[in-house]
Amino acid sequence: MAKILIIDDSPTDVRVFTTLLECAGHAVAAVSTAEEGIERVRSDLPDLVIMDVIMPGMNGFQATRTLTRDPATASVPIVMITTKSMETDRVWGLRQGARAFITKPVKEKELLACINDLLPSAA
């Protein structure tokens, strides 16, 4: 079982992702702002982060860059999940340090396969 933090301002998406991940055996926590997400990653060191891009205040690109450039949190893999489907968005997200970039609507098998690929085998 892995500890996964969802950073997303959509209650619907948080509910869908939480249900999916808990059914797959993971422990899930969620926050609704990038700023709160950064603090939670620093304090809890989850095994993986699911990051939305479009949020009020700091966006997911900025939060991903902040987390991946901080030596204390750089090893936590980040999966960006967003409605932004342009190739330039995907490239930019990966350049900020995200390990994967998935566009909504998310396919359950795609998300779980991505997470399993990014989690350490001991998780």
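Reply: Gladly; please keep in mind that this is a predicted model. A first point concerns strand S1 (residues 3-7) and strand S2 (residues 27-31), which run parallel and are joined by five bridges.

Me: Which residue in S2 does Ile-6 stand opposite?
Reply: Strands of a sheet pair through backbone hydrogen bonds, either parallel or antiparallel. Here S1 and S2 run parallel, and within S2 the residue opposite Leu-5 is Ala-29. For Ile-6, the residue standing opposite in S2 is Ala-30.

Me: What is the handedness of the β-α-β crossover from S1 through H1 to S2?
Reply: The two strands, S1 and S2, run parallel, and the chain passes from S1 to S2 by way of H1. This β-α-β crossover is right-handed.

Me: Which strands are the edge strands of the open sheet?
Reply: Five strands form the open sheet, with parallel pairing, and their order is S2-S1-S3-S4-S5. Neighbouring strands are turned against each other by 20° on average, direction ignored. An edge strand pairs on one side only, and the strands for which this holds are S2 and S5 (100-103).

Me: Is H2 roughly parallel or roughly antiparallel to H3?
Reply: Two packed helices are described by the angle between their axes and the distance between the axes. For helix H2 (residues 34-44) and helix H3 (residues 60-69), the axes are 9 Å apart and the packing angle is about 20°. Because angles under 35 degrees count as roughly parallel, H2 is roughly parallel to H3.

Me: How many residues of the contact of H2 with H3 are nonpolar?
Reply: H2 contributes Ala-34, Ile-38, Val-41 and Arg-42 to this contact, while H3 contributes Ala-63, Thr-66 and Leu-67. The residues include one that is polar and one that is charged, and the number that are nonpolar is five.

Me: How does H1 lie relative to H5, oblique or roughly parallel?
Reply: The axes of helix H1 (residues 11-23) and helix H5 (residues 108-118) come within 11 Å, and they cross at roughly 60°. The crossing in which H1 passes H5 is right-handed. With that angle between the axes, H1 is oblique to H5.

Me: How many residues of the contact of H1 with H5 are charged?
Reply: On the H1 side the contact is made by Phe-17, Leu-20 and Leu-21, and on the H5 side by Glu-108, Leu-111, Leu-112 and Ile-115. Six of these residues are nonpolar and none is polar, and the number that are charged is one.

Me: Is the peptide bond from Lys-104 to Pro-105 cis or trans?
Reply: Pro-105 belongs to the loop between S5 and H5. The omega of the bond from Lys-104 to Pro-105 is near 0°, and this bond is cis.

Me: What is the phi of Leu-45?
Reply: Leu-45 sits in the loop between H2 and S3. Although Leu-45 is not a glycine, its phi is positive, at about 45°.

Methods:
Residues numbered from 1 in each chain as written. Predicted model: local features only at pLDDT ≥ 70, side-chain atom pairs only at ≥ 80, totals over all residues. Heavy atoms only, no water. Axes fitted to C-alpha atoms, helices over the stretch in contact; angles between N-to-C directions. Helix = DSSP H or I, 4+ residues; strand = E, 2+ residues; numbered from the N terminus. Parallel < 35°, antiparallel > 145°, perpendicular 65-115°, else oblique. Left-handed = near helix turned anticlockwise from the far one by under 90°. Contact = heavy atoms within 4.5 Å. Nonpolar A, V, L, I, M, F, W, Y, C, P; charged D, E, K, R; others polar. Pairing = 2+ DSSP bridges. Right-handed = clockwise from strand over helix to strand, strands pointing away.
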